[in-house]
Amino acid sequence: LGLFGVLLIVVLAVGCSGDGDSGPTAPENQEIVLSTASISVNGSVVNGQTLPQGHGEGGSTRFEAEMMSNGLPSTGATVWMQYDRPMGMGMMRHTGRVELYDDGTHGDRVAGDGLYCLEDFEGEYGCHSAQAKMGEYHYEFYGEHDDGHESNHMTVTVRITDD
């Protein structure tokens, strides 16, 4: 195999040995860093929890991510949340991407504080309504700098059951 072949095998083995952890990835650029990502239903954080179907009926799901730039709240980034949620009855999963806001709208409480938010009252992306399908909901948060570089990514999972 030679030294190069052995090194290649070691690098591939280390790079592919994941344990399913959904922790943050490394940012492409240290200028912007996603420091937190959370999902709350009716004001309670539900990151990583298993919840009964309809647990937040009549409320909302709030998506929030904090972006930092050189150690300070970042107000110049674009923050995205990609979602992957079950459709129910063996159907394909529903996926998409939505923008979070730091402008005092869409559920954001304070404009320009580096906390980017989206509040889902209709159950379009969230997991709070009685119509929420059972299964795992995956939400991946990340930011983009004006120069096109991405921040690190953070994934939050919530599981809905019929209990």
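A salt bridge here is a side-chain nitrogen of Lys or Arg within 4 Å of a carboxyl oxygen of Asp or Glu. This is a predicted model. How many salt bridges does a search of the whole structure find? It finds two.

**Stop 1: the charged network**

Select Arg62 and Glu64. They form a salt bridge, with the closest N and O atoms 2.9 Å apart.

Now colour the strands. Arg62 sits in strand S4 (residues 61-69) and Glu119 in strand S8 (residues 115-120), so this pair ties together parts 57 residues apart in sequence. Show all three residues at once: salt bridges with shared partners join Arg62, Glu64 and Glu119 into one network.

Is Arg62 buried or exposed? Its relative accessibility is 6%. The cut-off for buried is under 20%, so Arg62 counts as buried.

**Stop 2: the open sheet**

Switch to cartoon view. Five strands make an open sheet in the order S3-S10-S9-S6-S7, and the pairing is mixed. Go to the edges: strand S3 (50-52) and strand S7 (94-100) each have a single partner strand, so one side of each lacks a neighbour in the sheet. Neighbouring strands of the sheet are turned by 25° against each other on average, direction ignored.

**Stop 3: a strand pair**

Select residues 135-144, strand S9, and residues 154-161, strand S10. The two pair in the antiparallel sense over seven bridges. Finish on Tyr137, which stands opposite Val158 in S10.

Notes
Residues numbered from 1 in each chain as written. Predicted model: local features only at pLDDT ≥ 70, side-chain atom pairs only at ≥ 80, totals over all residues. Heavy atoms only, no water. Pairing = 2+ DSSP bridges. Helix = DSSP H or I, 4+ residues; strand = E, 2+ residues; numbered from the N terminus. Axes fitted to C-alpha atoms, helices over the stretch in contact; angles between N-to-C directions. Buried < 20%, exposed > 50% of the residue type's maximum accessible area, 1.4 Å probe, protein only.
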